[in-house]
Amino acid sequence: MSAPAAPLLSVVIPIYNEQDALPLTVQRLRPILDGIGETYEVVGVDDGSTDDTAAVLTLLQSRWPQLRVVRLRRNSGHQAALTAGLHRALGQYVVSIDADLQDPPEKIVEMLALAREGYDIVQGVRDDRSSDTFFKRSTAGAYYSLMHRLVGREIPKHAGDYRLLSRAAVDALTSLPEAQPVYRLLVPWLGFRSTSVTFQREERVAGSTKYPLSKMVRLAVDSITNFSAAPLRLATWMGLGSFVLAFFLGVYTAIEQVRGVTVPGWSSLFVAVVFFGAVQLVCVGLLGEYVGRIYSAVQGRPAYFIGSDSADLADVVEVPA
Ligand code: UDP
Ligand code: MG
């Protein structure tokens with residue numbers, strides 16, 4: 001099969017169980033892309049949806065020739081779905097956008113204009129998160145300030161995965177051998193010339209969030225371990241702290257002993273044993289997080305599998321992460 005001609009713009013949409021949101025998203029996105037008046041493609045990545053998303057995509061595709069559908073064999077997560085899309089996007093500029101219309105697609109026009117001025121990265125930044133729940137806002141706030149500290153670089157606050165990347169930036173990203181990429185950290189780290197557009201994060205049009213607490217924790221742990229070995233150093237600091245504490249306690253006990261005072265000690269002993277047991281378990285756990293990641297990096301398994309029913313027949317090969 002001959003390779004399709006590269007369009008100017010690719011729009012990558014990771015999709016997981018979005019049967020209700022998809023038709024609305026397409027309804028709003030299509031006129032905008034048609035209105036730009038350039039060649040474009042839309043790469044919809046079905047991240048192993050279990051609802052009717054697959055059928056909805058097939059239907060949409062029959063009416064929208066620019067829509068390519070990549071089906072992953074099983075749910076691999078938002079970032080992996082994004083990876084699959086980035087690997088397949090052919091455009092000179094690639095925009096990644098959520099399927100639930102929380103990222104207003106109108107901003108693509110603005111992003112493209114900035115990219116044509118020479119920016120390799122145009123990051124979408126939420127200027128307020130009032131449409132998110134209080135819980136999401138506060139956890140996100142904590143996430144970004146922690147990341148800023150760990151990565152040691154300016155991480156655009158409230159920058160999600162709505163952004164435009166130039167071909168050079170996409171190639172740089174997809175050539176990284178990361179098993180668990182966290183794009184919002186990797187993209188600024190690349191060091192390309194970048195700018196941002198602000199937007200109001202809207203309410204999800206339909207369905208419910210696909211980021212339950214467990215996935216948010218996963219993303220946070222991935223983010224930390226991807227960029228920093230600082231947690232490993234925590235063990236050293238805690239060990240040193242305990243050593244100093246133990247030293248002074250020892251001196252104190254010895255003095256009391258000499259003065260003939262019996263040190264009543266059962267409860268403090270018990271607390272100390274439990275405390276240090278906990279500290280050690282936390283340290284072993286932290287170590288485990290890193291060892292686990294080394295293990296999966298050594299295994300080198302692909303981050304996702306393309307399903308054999310993928311309608312995007314141009315390339316059904318599996319690309320390792
Ligand atoms: N998504 C995905 N795989 C997943 C979870 C989410 O492809 O395992 C997609 C989802 O369909 C949406 C985007 O990632 O297009 C962001 O997810 P969601 O809107 O649920 O996250 P939130 O906006 O609540 O953070
Ligand atoms: Mg959303």
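## Helix pair H9 and H10

In this predicted model, H9 passes H10 in a left-handed crossing (the near helix is turned anticlockwise from the far one by less than a right angle). H9 spans residues 230–258 and H10 residues 266–299; they pack at an angle of about 160°, with axes 9 Å apart. H9 is therefore roughly antiparallel to H10 (an angle over 145 degrees). Axes are lines fitted to C-alpha atoms over the stretch in contact, and angles run from 0 to 180 degrees between N-to-C directions. Helices are DSSP runs of H or I with at least four residues, strands are E runs of at least two, and numbering starts at the N terminus.

On the H9 side, the contact (C-beta atoms, placed from the backbone, within 7 Å) is made by Pro231, Leu232, Leu234, Ala235, Met238 and Ser242. H10 supplies Phe276, Val279, Cys283, Leu286, Leu287 and Tyr290. By class, 11 of these residues are nonpolar, 1 is polar and none is charged. Ala, Val, Leu, Ile, Met, Phe, Trp, Tyr, Cys and Pro count as nonpolar, Asp, Glu, Lys and Arg as charged, and the others, Gly among them, as polar.

## Ligand 1

The shell around ligand 1 holds 16 residues (C-beta, placed from the backbone, within 6 Å), of which Pro14, Tyr16, Ala99, Thr209 and Lys210 come nearest. Strand S1 (9–15) and helix H3 (78–88) are the elements that give two or more residues. The shell has 6 nonpolar, 5 polar and 5 charged residues.

## Domains

An automatic or database assignment gives domain 1 (9–211) and domain 2 (229–299). Their C-alpha centres lie 44 Å apart.

## Conventions

Residues are numbered from 1 along each chain as its sequence is written, with chains lettered from A and ligands numbered from 1 in the order in which they are written. Local features need pLDDT of at least 70 and side-chain atom pairs count only at pLDDT 80 or more, while totals for chains, interfaces and linings use all residues.

Technical notes: Angles under 35 degrees count as roughly parallel, over 145 as roughly antiparallel, 65 to 115 as roughly perpendicular and the rest as oblique. Two residues are in contact if their C-beta atoms, placed from the backbone, lie within 7 Å.
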